[in-house]
Amino acid sequence: MITYFSRHLQVLFATLGSMIRTPLTSANTIAIIAITLLLPTLLYVTVKSAEQLSGNWQGRPQISIFMEADVTSQEAELIYQELQLHPAIALAELVSPQQALAEFRTLSNMDYELDFLGENPLPASIVVMPDDANTQSDRLLALKDELSKIEGIDTIRLDLDWTDRFNAILLAVSRVAGLLSALLGIGLLLIVGNTIKLLILNRREEIEITRLVGGSNAFVRRPFLYYGALFGVFGAVLALLLLLGAAYLVNEPLSRLAELYQRDTLLYSLSIIEIGVIILVGATLGWVAARWSVGRHLSRIKPQ
């Protein structure tokens, strides 16, 4: 077992040394892989940031509950306290008839007309915000039906149009990101595969000699597989560094936008697991591309 791992370490360091001796070719391949991985990663971060934004008070749908006209302020307060304890409701705000009239007066600029009304025609209302687990349309409708059965509530208004549009946009962007990732993954396989092909052709004589002295296919294939995996790893790391640079460039305008939404940040931060997955995806794609290219071209090289 020790001999097995030592041989792999020898091949690994030999491959690294070979990449260092051809810096221009290696850097070119790594840069192409990095850009290929960067595009779907950017889309992923964009989608996650949008989902993160939709989870705050301004981003989640609101349910406006209007009391019956004869409900007293004490009864409205009791209904408000009941809604605060509801497990599906994250936040609630009680709006008295006086507050509603003052807000309407400010927004409508109808001071002169409102003075002729005499009595305040606006009822007490409660604005509630569902928690993150109840923002889907079907659960919101079920919550609306449940709240409408509370005595003292007259009407409930739930505007789902913007929520459905926002979710539809997120779904479309997610599908585009998935399709683009698949296409770029195929392109990455072709790029790494072509690089491995050139490496095989450049080492043709070495491969022929190795086979003449009894080298197995696995022994001949091993360094090229390391080439592909290392290209993928270094390309993924460079993609993450480019992503960090892009985040730095947009941090200032996003910070100003975050203040408007009363949040610390709008930009989604990748977790350690997600970073590891990106590096693993790069290494796997590089290894698969190398394995495919070696399988195609190595069989054509036979000792003379």
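**Reading a predicted model, one feature at a time**

Reader: Where in the fold is leucine 238 found?

Author: Look along helix 9, which covers residues 217–260; leucine 238 is part of that helix.

Reader: And which residues is leucine 238 in contact with, leaving aside its neighbours within four places in sequence?

Author: Those partners are Ile30, Ala31 and Ala34. Take isoleucine 30: 208 residues separate it from leucine 238 in sequence, yet their C-alpha atoms are 7.8 Å apart in space.

Reader: What share of the protein's contacts with a separation of 6 or more comes from residues 24 or more positions apart?

Author: That share is 82%.

Reader: Now the wider view, please. How many helices and strands are there?

Author: You can find 10 helices and 4 strands. Starting at the N terminus, their order is α-α-β-α-β-α-α-β-α-β-α-α-α-α.

Reader: What about burial and surface over the whole protein?

Author: Of its 304 residues, 36% count as buried. The protein exposes about 18,600 Å², with 62% of that supplied by carbon and sulfur atoms.

Reader: Which residues gather in a patch of negative charge on the surface?

Author: Glu68, Asp70, Glu75, Glu151 and Asp154 do. One of them, aspartate 154, lies in strand 4, residues 153–158.

Technical notes:
Residues numbered from 1 in each chain as written. Predicted model: local features only at pLDDT ≥ 70, side-chain atom pairs only at ≥ 80, totals over all residues. Heavy atoms only, no water. Patch = residues over 30% accessible without salt bridge, like charges linked within 9 Å, V, L, I, M, F, W, Y side chains within 5 Å. Areas by Shrake-Rupley, 256 points an atom, 1.4 Å probe, with all protein chains shown as cover. Salt bridge = Lys/Arg side-chain N within 4 Å of Asp/Glu carboxyl O. Lys, Arg positive; Asp, Glu negative; His and termini not counted. Charge placed at Lys NZ, Arg CZ, Asp CG, Glu CD. Helix = DSSP H or I, 4+ residues; strand = E, 2+ residues; numbered from the N terminus. Contact = heavy atoms within 4.5 Å. Buried < 20%, exposed > 50% of the residue type's maximum accessible area, 1.4 Å probe, protein only.
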